[in-house]
Amino acid sequence: MRVFVTGSSSHLAAALLPRLCAHPAVERVTGVDLDPPRFQHVRFDASQLDIRDPQLERRLAGHDALVHLACRARRGHGAVQEMFDINVTGGHKVFHAARRAGVRRFIHLSSASVYGSGIHLVESAPLNPAAGNLYAVHQAHLEKLLEIEFPECVRLRPQLVLGPNARPAIKKLLRLPCYVRLPTPYPLLQCVHEDDVAHAVLLAFGREARGAFNLAVEDNFSYRDAVRSRHRLVVPLPPAAARAGLNAARRWLGWDDELGWADALSRTLLVNCRRAAIELGWRSTHSAASALAQT
């Protein structure tokens with residue numbers, strides 16, 4: 001099997017590519033990304049290429065499967081319209097180019113943030129991403145297009161992805177010795193280890209499954225609990241002070257998507273992963289504590 005990976009220099013790709021290249025059924029892995037390749041292997045060939053480049057279709061020829069990781073999560077890297085052009089318009093074109101090139105298996109890495117908030121959510125729950133989280137808004141938009149035009153596509157919706165290669169924004173927020181003081185009970189969330197997300201991709205290759213699949217650990221936690229587990233002394237901040245601090249960090253330190261993640265961590269979002277267990281044979285091998293400790 002020949003696998004084509006977009007976003008091959010991304011944080012999640014760092015966990016996925018070694019597993020793909022070590023899989024006995026995978027003959028070759030091709031990656032494209034705007035950033036230089038960060039992974040090397042005899043079975044892996046990568047190049048710097050925008051997914052909107054017309055050359056992409058030619059590169060896709062001869063591949064059996066597409067794993068779409070490419071996205072732009074940070075608003076600070078470009079205008080809002082450019083983010084939409086990459087995440088939605090560009091992503092949509094990638095799948096059509098892959099189909100024209102003869103690719104037969106499609107896997108898209110979305111996010112549980114497309115739900116916005118809720119408890120015990122299954123994959124048929126309405127998509128209602130928080131308006132301020134452009135990444136989630138764009139993922140929800142692209143998913144709706146894929147559901148209609150590529151019903152055979154596996155759309156993975158991992159909760160907060162943690163591990164050694166977690167997004168820098170998440171690492172920054174977890175390293176802060178403070179949290180937002182909110183009314184109790186505190187909002188609850190789940191996470192999933194990057195290795196378990198990579199394992200879900202591999203399972204999707206060998207199954208006839210299609211559609212959306214939630215991915216998360218069974219246990220849950222609050223952002224306050226996560227911060228307390230990492231620091232001996234923590235400071236609870238009023239919401240206004242926390243927002244002012246993040247805005248100052250955005251202005252002076254270049255923080256941007258940290259604000260979107262901070263907002264997401266203030267909403268309860270718990271998903272049901274029964275479908276992934278039954279149809280993919282997937283289960284998390286890490287607990288929330290284990291995933292947090294490795295981030």
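The legends below describe close-up views of a predicted model. Residues are numbered from 1 along each chain as its sequence is written, and side-chain values use heavy atoms, with hydrogens and water left out. Local features need pLDDT of at least 70 and side-chain atom pairs count only at pLDDT 80 or more, whereas totals for chains, interfaces and linings use all residues.

**View A. Packing of helix 1 against helix 6.** Helix 1 (residues 11-22) packs on helix 6 (residues 194-205) at about 45°, the axes being 9 Å apart. Helices are DSSP runs (H or I, at least four residues), numbered from the N terminus; axes are lines fitted to C-alpha atoms over the stretch in contact, with angles from 0 to 180 degrees between N-to-C directions. Contact (heavy atoms within 4.5 Å) involves residues including Leu12 and Leu16 of helix 1 and Val201 and Phe205 of helix 6.

**View B. Crossing of helix 5 and helix 7.** The axes of helix 5 (residues 168-175) and helix 7 (residues 223-230) come within 9 Å and cross at roughly 70°, which means that helix 5 is roughly perpendicular to helix 7. Leu173, Leu174 and Arg175 of helix 5 meet Tyr223, Ala226 and Arg230 of helix 7.

View C. The whole structure contains 0 disulfides (pairs of cysteine sulfur atoms within 2.5 Å). For Cys153, the nearest cysteine sulfur, that of Cys71, is 15 Å away.

Definitions and conventions. Helix = DSSP H or I, 4+ residues; strand = E, 2+ residues; numbered from the N terminus. Parallel < 35°, antiparallel > 145°, perpendicular 65-115°, else oblique.
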